[in-house]
Amino acid sequence: MEQYELDAIESIVTRQQGPYETITVDTLTPVIGAEVSGIDLSKELSDTQVAEVRKAFLQHHVLVFRDQELSDDDHKRFARHFGDLHPVTLPEPGSDPYILEISATKESHVVAGDGWHSDGSADAAPSLGSMLYVTRTPDGGSGGDTLFANMHLAYEALSPAMKTFLDGLTAIHDGMVAWQGHTPPDGYVPPKEEHPVVVRHPETGRKLLYVNPGYTSHIVQLSPVESRALLDMLFDLVARQQKLSCRVRWTPNTLVFWDNRCTQHHAIWDYYPHSRYGRRIAIEGTRPKA
Ligand code: SIN
């Protein structure tokens, strides 16, 4: 690794601070992801518990809570500690407006999130984070993991010259990219927004790379050929550099809470013909700012 890559990793690790009094936090990798135990999310949480979960969230970006027995109301109550709930886009008639079913079966032709993306980045104010509660994992006990990448590290590990080039550029995030050639339902116009390529996390102020292959169509200030080449290079960083990411192996009744402002994720559909089922709640966010 280049020295600036090593420095970037070290600066992330040294910023992490324990100890915790009310929860146990075990990291998945030094740079992203942690398992949190010693907390029952079906119960009312104390202010200290919520503050410690928030601290762990800002440090590790992806928190895994296992063996949780949660009703929809428990799920929503936990989510509301971090903000208002973000309504589901295109909810099924009669369904809960805040709960998105993430379901894959033998009959599925596409599966939500099967590619690197950040949830809803084509929105003017993409969600702060998502909480996915998976109750059914594929039969046989393997497959259906989710990868999460740390986009602070993706930015910080770039060469100083590349960082200078990217600072100040903006990109279009287009909901049509996510439809991948399929036609959206009648009357639905997918969102489209311009966001800075490098943004700052609204709570920590730290910079990160904010483009993703699930939504970003092009960089405004470059020619189409330049934009494609640069975006492909930036997307490849995430796809090829395992040191940026952690891998969550789901077990039934696991809730994962991830920060959409500074991570991307990829739900791996490697378990056909088996089924996987979960329910996802998103939390309102703010407009990304440089
Ligand atoms: C998603 O929100 O993209 C789905 C994640 C998953 O199914 O693991």
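1. Strand E8 (residues 170-174) and strand E9 (residues 192-196) run antiparallel and are joined by 5 bridges. Strands here are DSSP runs of E of at least two residues, and helices are runs of H or I of at least four, numbered from the N terminus. Two strands count as paired if DSSP finds at least two bridges between them. In E9, His173 has Glu193 as its bridge partner. Thr170 is bridged to Pro196, also in E9.

2. Basis of the values: this is a predicted model, where local features need pLDDT of at least 70, side-chain atom pairs count only at pLDDT 80 or more, and totals for chains, interfaces and linings use all residues. Residues are numbered from 1 along each chain as its sequence is written, and side-chain values use heavy atoms, with hydrogens and water left out.

3. What joins E8 to strand E12 (residues 216-219)? There are 3 bridges, and the two strands run antiparallel. Ala171 has Ile219 as its partner in E12. Together the strands make an open sheet of 3, in the order E9-E8-E12, with antiparallel pairing. E9 and E12 are the edge strands, each pairing on one side only. On average, neighbouring strands of this sheet are turned by 25° against each other, direction ignored. For such angles, axes are lines fitted to C-alpha atoms, for helices over the stretch in contact, and angles run from 0 to 180 degrees between N-to-C directions.

4. Why is E8 described as largely enclosed by the rest of the structure? Because 5 of its 5 residues are buried. Buried means under 20% relative accessible area, exposed means over 50%, and partly exposed lies in between (1.4 Å probe, protein chains only). Thr170, Ile172 and Asp174 point one way from E8. Ala171 and His173 point the other way, and all of these residues are buried.

5. Ser227 sits in helix H7 (residues 224-240). Ser227 counts as buried because its relative accessibility is 2%. Leaving aside residues up to four places away in sequence, Ser227 touches His218, Ile219 and Leu222. Contact means heavy atoms within 4.5 Å. Ile219 is also the E12 bridge partner of Ala171. The C-alpha atoms of Ser227 and Ala171 are separated by 9.2 Å, with the two residues 56 apart along the chain.

6. Another open sheet of 3 strands has the order E13-E7-E15, again with antiparallel pairing. Strand E13 (245-248) and E15 stand at the edges with a single partner strand each, so one side of each is left without a neighbour in the sheet. Neighbouring strands here are turned by 20° on average, direction ignored. Strand E7 (residues 146-150) pairs with E13 over 4 bridges in the antiparallel sense. Leu147 stands opposite Arg247 in E13.

7. Strand E1 (residues 24-27) and strand E2 run antiparallel, joined by 4 bridges. They form a hairpin with 6 residues between them. Gly33, in the turn, has a positive phi of about 90°. Asp26 has Glu35 as its bridge partner in E2. E2 is also joined to strand E3 (residues 62-65) by 2 bridges, and these two run parallel. Ala34 stands opposite Leu63 in E3.

8. Which side chains of E2 (residues 34-37) are buried? Ala34 and Val36 are, and they point to one face.

9. The largest cavity has a volume of about 40 Å³. On a 1 Å grid over the protein atoms alone, a cavity is a set of points where a 1.4 Å probe fits but cannot get out; a pocket is an open set with protein on both sides within 12 Å along at least five of seven lines; lining residues have an atom within 4 Å of a point. Grid points are joined across faces, edges and corners, and a volume is the space filled by probe spheres set on the points.

10. Residues lining the largest cavity include Ser118, Met151, Tyr210, Asn260 and Cys262. Strand E11 (207-209) and strand E15 (263-267) are the elements that give two or more residues to this lining. The lining divides into 6 nonpolar, 5 polar and 1 charged. Ala, Val, Leu, Ile, Met, Phe, Trp, Tyr, Cys and Pro count as nonpolar, Asp, Glu, Lys and Arg as charged, and the others, Gly among them, as polar.

11. The second largest pocket holds about 160 Å³ of space. It is lined by 14 residues, with Arg200, Pro202, Thr286, Arg287 and Pro288 nearest its centre. This lining divides into 6 nonpolar, 4 polar and 4 charged.
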